[in-house]
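Look at the structure first, then read on.

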Amino acid sequence: AIETSFSNAPDLPVLDEYFSLEVYLRDLRKRIIYKALEQAKGNQSEAARMLKISPQAVHQFLKVSLSK
C-alpha cells in the first residue's frame, strides 16, 4: 500500500490543472537557497555548506536567477 498519511499536509500545493511540478520544485529550490544565504549572511560558501551543495552551484544559481 502507498503511504498517504502526509497527503493532507497543509503546506502541499493543490494539484489542479494549473499545477506544474517543475515550476513548484524550481520555486522551492529558489526559496531554500535564498533562506540559506540569509542565514549565512550572504556568504555563498557557508550557504553551500548548509545545503550540502558546491559553492559553484550557489554562484551559478545566483548568476542565472539575477540575470532574469
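Predicted model: local features only at pLDDT ≥ 70, side-chain atom pairs only at ≥ 80, totals over all residues.

Q: Is Phe61 buried, partly exposed or exposed?
A: The relative accessible area of Phe61 is 11%. Buried means under 20%. Phe61 is therefore buried.

Q: Which elements give two or more residues to the largest nonpolar core?
A: That core has 9 residues in all, including Phe61, Ile33 and Ala48. The elements giving two or more residues are α1 (21–39), α2 (44–51) and α3 (55–66).

Q: At roughly what angle do the axes of α1 and α3 cross?
A: Two packed helices are described by the angle and the distance between their axes. Here α1 passes α3 in a left-handed crossing. The axes come within 11 Å, and α1 and α3 cross at roughly 115°.

Q: How many charged residues does the contact of α1 with α3 have?
A: In α1, Arg29, Lys30, Ile33, Tyr34 and Leu37 take part; in α3, they meet Val58, Phe61, Leu62, Ser65 and Leu66. By class, this contact of α1 with α3 has 7 nonpolar residues, 1 polar and, as charged residues, 2.

Q: What kind of aromatic pair do Phe19 and Tyr24 form?
A: The whole structure has 2 aromatic pairs. In this one, the ring centres of Phe19 and Tyr24 lie 5.9 Å apart. Their planes stand at 50°, so the pair is tilted.

Q: What kind of pair do the rings of Tyr34 and Phe61 form?
A: Tyr34 sits in helix α1 and Phe61 in helix α3, 27 residues apart. Their ring centres are 5.7 Å apart. With planes at 70°, over the 60 degree cut-off, the pair is edge-to-face.

Technical notes
Residues numbered from 1 in each chain as written. Heavy atoms only, no water. Core = buried A, V, L, I, M, F, W, Y, C linked by side-chain atoms within 4.5 Å. Buried < 20%, exposed > 50% of the residue type's maximum accessible area, 1.4 Å probe, protein only. Helix = DSSP H or I, 4+ residues; strand = E, 2+ residues; numbered from the N terminus. Axes fitted to C-alpha atoms, helices over the stretch in contact; angles between N-to-C directions. Left-handed = near helix turned anticlockwise from the far one by under 90°. Contact = heavy atoms within 4.5 Å. Nonpolar A, V, L, I, M, F, W, Y, C, P; charged D, E, K, R; others polar. Phe/Tyr/Trp six-rings, centres within 6.5 Å; stacked < 30°, edge-to-face > 60°.
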